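This briefing is for a reader who is new to the structure shown below.

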Amino acid sequence: MREYRTLGLRLMLISLVCVMALAAVNMWTAPIIEANKGGGAGPGTITATAPGFSGNEVSVTVTFNADGTIAAVTADVSTQTPGIGDKAGQPEFLEQFVGKTSAEGVDTIAGATYSSSAVIEAINKACEQFASGGGASNSVITETAQGYSGNLVSVTVTFNADGTIAAVTADVSTQTPGIGDQAGKPEFLDQFVGKTSAEGVDTIAGATFSSTAVIEAINKACAQFSGN
Amino acid sequence: MHGIIAENPTFRLVLGTCPTLATTISLINGFSMGIATMFVLVGSNVVISLLKNFIPEKVRIPAYIVVIATFVSIVQMVMQAFFLDLYNALGVFIPLIVVNCIILARAEAFAGKPENNVLASAVDGLGMGIGFTIALSLMGAFREIVGSGTLLGSPILGEGFAANAFKLFATPAGGFFTFGLFLALFNLVFDKIDSKRKARKEGV
């Protein structure tokens, strides 16, 4: 029995030292790994998959501009043959899709047919999803804020891939007709286009609560977008 | 340092065959895998040699594995942080270094033995690691040139050859063929050396 205790204790000690070493290395490398991951799924993106070589999946993340053209493409081709199929994940191949609204016009890679076809198929899927869904769902954010008399105002902001506002619509039906609903009019909302927050836009004289609420909701949406 | 040629782990001891076949499709992949494994080899040999009196005989295998796995995890994290392209290229074979026979075999047969001190164990790990890296690089270069027409990514035999290369060698089957070829080559050379030695002994 005593022997087992020694065995157990010694193994535990060895494991403890190893774990501490691992924790130290992890603390050192984790921030770098996280920073490198930067170009992953962010706002304004759709991720789609398609089967590639030997049926192994390829995953593609497409970043869209508000007008539906492709801003950027990244592809996870780790399941494909190294040195051959992973050419479908290289910038030289993926850059060809920028500015397009589908994968049309881009040829498969000679010698990496299955892998590059899969990337093309996934990009087309993403484009279809974008078109039918009215945009990349994470580039359209709806936020609410309390307006006049505490009644809620709901604002929907559509973002471009670079984080600037493409469009704003507001539901101000709970606000005073003829007064507060000015905050839902195009004249007011157009001011936000191209901005990354509601800064620099003044409240509407005489409709302070309502317009403040819209401004607050827009700021919330912007914060949520950049937090994604 | 016998591990470099005479006791080359891949072609003489025939250890660690799995990563040899899987990661040698290109020169850079094979080379990187070799270096990563070498690092683990030296590290684990040193630590195990240091701890050989502390590790109880009955649990030496679990203890060795814990040490080896720790080094592999460190290598994995460092690669993911600083060599992301290689990390993605080698994929699942990095964690599989843990079960690479070479490492466990040297730990058991060399580093764990009382007559081998820490320095000798480190040198042994280094020699085996270099031999492994050379083996993987040779196979990687061969399979890349013949199978994809490129070397380190550049089509050295012309674009035409690159498009129509012997793709077979880039597949797992080709890996086996290449391995067999190199094994035959090494055997041929060593047979000649052996027979010359015998002739010399008998001559004297």
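Of the contacts in chain A between residues at least 6 apart in sequence, 55% join residues at least 24 apart. The model is predicted. Chain A has 228 residues, and 37% of them count as buried.

**Make-up of chain A**

- Chain A contains 5 helices and 6 strands.

- In chain A, 3 strands make up an open sheet, ordered β1-β2-β3, with antiparallel pairing.
- The edges of this sheet are β1 (45-51) and β3 (70-76) of chain A, each of which pairs on one side only.
- On average, and with direction ignored, neighbouring strands of the sheet are turned by 20 degrees against each other.
- Strand β2 of chain A, residues 57-64, runs antiparallel to β3(A) and is joined to β3(A) by 6 bridges.
- F64(A) has I70(A) in β3(A) as its bridge partner.
- Helix α3 of chain A, residues 113-132, packs on the sheet and touches β1, β2 and β3 of chain A. The direction of this helix makes about 140 degrees with that of β1(A).

**Where chain A meets chain B**

- The contact between the two chains involves 21 residues of chain A and 26 residues of chain B.
- On the side of chain A that touches chain B, 12 residues are nonpolar, 8 are polar and 1 is charged.

**A helix pair in chain B**

- Two packed helices are described by the angle between their axes and the distance between the axes.
- In chain B, helix α5 (residues 101-111) packs with helix α6 (residues 118-148) at an angle of about 150 degrees, and their axes are 11 Å apart.
- Angles over 145 degrees count as roughly antiparallel, so α5(B) and α6(B) are roughly antiparallel to each other.
- The crossing made by α5(B) and α6(B) is right-handed.
- From α5(B), the residues I102(B), R106(B), F110(B) and A111(B) take part in the contact. In α6(B), they meet S121(B), D124(B), G125(B), M128(B) and F132(B).
- Sorted by class, the contact of α5(B) with α6(B) has 5 nonpolar, 2 polar and 2 charged residues.

Key. Residues numbered from 1 in each chain as written. Chains lettered and ligands numbered in written order. Predicted model: local features only at pLDDT ≥ 70, side-chain atom pairs only at ≥ 80, totals over all residues. Helix = DSSP H or I, 4+ residues; strand = E, 2+ residues; numbered from the N terminus. Buried ≥ 20, exposed ≤ 12 C-beta atoms within 10 Å, placed from the backbone. Contact = placed C-beta atoms within 7 Å. Nonpolar A, V, L, I, M, F, W, Y, C, P; charged D, E, K, R; others polar. Pairing = 2+ DSSP bridges. Axes fitted to C-alpha atoms, helices over the stretch in contact; angles between N-to-C directions. Parallel < 35°, antiparallel > 145°, perpendicular 65-115°, else oblique. Left-handed = near helix turned anticlockwise from the far one by under 90°.
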